[in-house]
Amino acid sequence: MLKFSLSLFLCISFLLTFKYFANTGNNETKPAKSNVLASTVRQGLNHSKSDSLHWPAGFTITRFAGPDLTPSPACLAVAATGEVFVGVDMIGSLGKDPGKGRIVKLIDSDNDGKLDKHTDFADVDDPRGILIMGDQVFVLHTVFSKETGKANGMILEVFEDKDHDGIADGPPKPLIEHLSNAHMLAERGTDHATNGIRMGIDGWIYIAVGDFGFHDATDRDGKKLTMLGGGIIRVRPNGKEMEVYTHGTRNIYDVAIDSYMNVFTRDNTNDGGGWNIRFSHHIQSGEYGYPLLFQHFTDEILPALVDLGGGSGTGSLFMDEPTWPAQYNHVPMTADWGRSELYINRVKPDGASFTQAEEPFIELPQITDLDVDGSGRLYLSAWDGAGYSGSASKGYVIRAIPNGWTYKAFPDVKAMSVADLAGMLKSESAVARLNASQELIARPADESARAALAIASDKGAPLYARVAGVFTYAQIARESGISNLVQLAQDDALREFALRELTDRKEGIAQVPIAPFLSGLKDPSPRVQAAAIIGLGRLGRLEAASELLKTKVPASFVAPAKNTEGPHATPNSAIILPHLAVRALVSMNAVDACVSAIGTTNSTLALWALRYMYDTKAVNGLIAAYPKVKDPKTKKQILVTLARLYKQEAPYDASWWWGTRPDSHGPIYKGITWDASPRIEKFLTLERSKSGAAGKQFFADLNERHQMGITAFGGEEKSTAPKEAKVDLAKILNKKGQIGNTSIEDVMLMLAKVKGDPKIGRALFTRQGCVACHSLTRGEKLKGPFMGQIGSIMNRQQIAESILKPSASISQGFATVMITAKGNKNYMGFITDESAQKIVMRNITGDVFTIKSSDILTRKELKTSMMPVGLANALSFDEFASLVTFLSQQKN
């Protein structure tokens, strides 16, 4: 017999979960309200929750394109002039068949909010990011082999449409190739691959990399990069100067960038206890720790700003447009596919970073992306149940504008003079400033550089305008602008940005003086100090190491206690500067300076940096310093540092991936010994031999914590982290409880291989009494959602998703309702009958209640299903597939 929870699951598994039951339940249309989706918007959206989607009063939200034009929209971008480019992806995140993707261009010619015409701009597979700049359309997407038909990488390329016919002018120009793990793309799909792209006012294209990582990504200079895990990389619009910006995220889908080059992401990170959302501020060169450091080595990372609970982050945007109300302007907006919500994250300065407060903004089913044009029109795309392998009949795009908004044509920047373009850098619109900046860069350098420098030097101009001037000038002038940037660095308001631009590009960096950065280390502003530290790391001059080593390390720099999880999502502005100093010291390989600092007042930072310096000089220096140091705490930290250096990460060849539930023990995932490992082991073994029982336990803990694998030390423990369930049909068909130990993505992959037995599915559905709550044939009394036609409405993936994520798609008429009534009575269930006199409700156990309308005190419709998450956890893959297959065959 199966567990009781399975019996309950089979009885109510589909209560309140399925969409598109047009002929069941209560289909009465609700009157439109300011915060409820109007019926004119609902037409064609084909979504049963569309009569209960919410947003604040003061906005008008209308349907712009439906699944006939934009099915399965994975991403979108909007030109400054208002044309909308949508990435249609009917392969989805787990599909593997090419030829199902394209970029669609949507045009509202008369700007009345209604789509007038469209073109298929270009055919691409698995589009994951789009960026529009003038006649150029940058697209990030998966590439399939013509010979094998299998995915063999991802590429960032640029299309052009110079004749403005809405169709790309021939083949695109590649910018970065091999931008994801080709092996995992072919084996699994694009679900943890490389995603959104966005340009900052500094002229770099920032790219969100999922934790598939990449191997030998190649830019137009021929430069190659390899990255194990996720993070942000950036590249110039010509496909050159590719570099890593930050590292240590899981599966970010996009970046939000403000006018001062603050970068924000919404990441989904599994820590063994659930896929929780973390909102982060990304600081250049920062390490964010997933999956190896963010649990047990949190002293070594920059923490996220907050853990927001379960979800799946998707598109992001920093809203900075004057047509938007102040309450909803100058804020990061981050979309969550899992929560079907666009959020505002209100950030407040905190040292060199921020704190944040999140609030829901626009509810949209499985929202994927968003972007805004130069007139302030916000466009959002909804996946809306298109499934993990895409759908030709689901998904749409909406438009959102503030009430009272009026269209204002965006100027043709190519027809503007240099003086007018420079004036446009003072615009309150971030879209206008970026487009003006990029056009100035394309003009003759002498005149445009002078104009941009004049804006930067204008102390009467708003700071955002002056900052735009600094970044624009630096891009135009390059090495010839160094002296002027040094001058701008003397301006208190611009120092942070001038220092950043002085080292923003490696070409010509040898000509940049070190003095402004050394001075910046002593600036009262922690943001200036951060810029100075990052700049010194990029300069790479060893004479700066002694000054970097003076960076104060706060008391919060403490490793988590054994078997405890550290604060990986708690703002800690005090740790930022020493963290950046360590990254700078490592990048310049300041071994000698760090070794010399052991035992001094700068010892803590030096030993922290030495943890990552796989250099025999570092190991020899640590061993030589040990007998000279008298402070017991410092001696202990030397041993810790040597243990940390015993193994290094094996070179990443992209032949594997750590899965959705990786071993997060840390600090190394695939550790290998290196040249200095024997000497480290010999020294530690000698010191251990001098120790008593307590000392030997210390070495055992070192061995376990750093996964050194030195058997004589003891302390080794088997990992208790949940192991990734592999879809190996020969081994798993009769194994129980697999659903609860498997990510939803892997369940979907399993369904594609395990068909199940519908006879077993029927037996489960019937034997456990589910017929008491659901009918399979017409004519039976309606109870919960009618199951007799589910197979003609949903495919197997959609049925499975509705079981595993019951609140993701609630059938119209079966939403959970909470009622309080006279006599201190409370009811929760779905309404099966309603009249002016009474309401009939059925609860989760099938009990029926009749409530007089006159007795009702309050009535509230909940966003969540009554069905608890996890009721299918006890099933094996074969059982779950059998149940899904049985239901998929119900087509009465």
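Domain bounds here come from an automatic or database domain assignment. The model is predicted.

**Exercise 1.** Find how many cavities of 30 Å³ or more the model holds, and give the volume of the largest.

*Solution.*
Step 1. The count comes to 8 cavities of 30 Å³ or more.
Step 2. The largest cavity has a volume of about 500 Å³.
Step 3. Its lining has 35 residues, and the closest to its centre are Arg 198, Met 199, Asp 371, Val 431 and Leu 434.

**Exercise 2.** State which elements give two or more residues to the lining of the largest cavity, and which gives the most.

*Solution.*
Step 1. The strands are β2 (73-78), β6 (125-133), β10 (194-199), β20 (313-319) and β24 (367-372), and the helix is α5 (430-442).
Step 2. β6 gives the most, with 6 residues.
Step 3. By residue class, the lining of the largest cavity splits into 20 nonpolar, 9 charged and 6 polar.

**Exercise 3.** Describe the lining of the second largest cavity, then say which domains it draws on.

*Solution.*
Step 1. The second largest cavity has a volume of about 260 Å³.
Step 2. It is lined by 20 residues. Nearest its centre lie Ile 283, Glu 496, Arg 500, Ala 531 and Ile 534.
Step 3. β18 (275-282), α9 (495-502) and α11 (526-539) each supply at least two lining residues. α11 gives the most, with 6.
Step 4. The lining of the second largest cavity divides into 9 nonpolar, 6 polar and 5 charged residues.
Step 5. Domain 1 (64-402) and domain 2 (411-509) each provide at least three residues of this lining.

Technical notes: Residues numbered from 1 in each chain as written. Predicted model: local features only at pLDDT ≥ 70, side-chain atom pairs only at ≥ 80, totals over all residues. Heavy atoms only, no water. 1 Å grid on protein atoms, 1.4 Å probe; cavity = no way out; pocket = protein on both sides within 12 Å on 5 of 7 lines; lining within 4 Å. Points joined across faces, edges and corners; volume = space filled by probe spheres on them. Helix = DSSP H or I, 4+ residues; strand = E, 2+ residues; numbered from the N terminus. Nonpolar A, V, L, I, M, F, W, Y, C, P; charged D, E, K, R; others polar.
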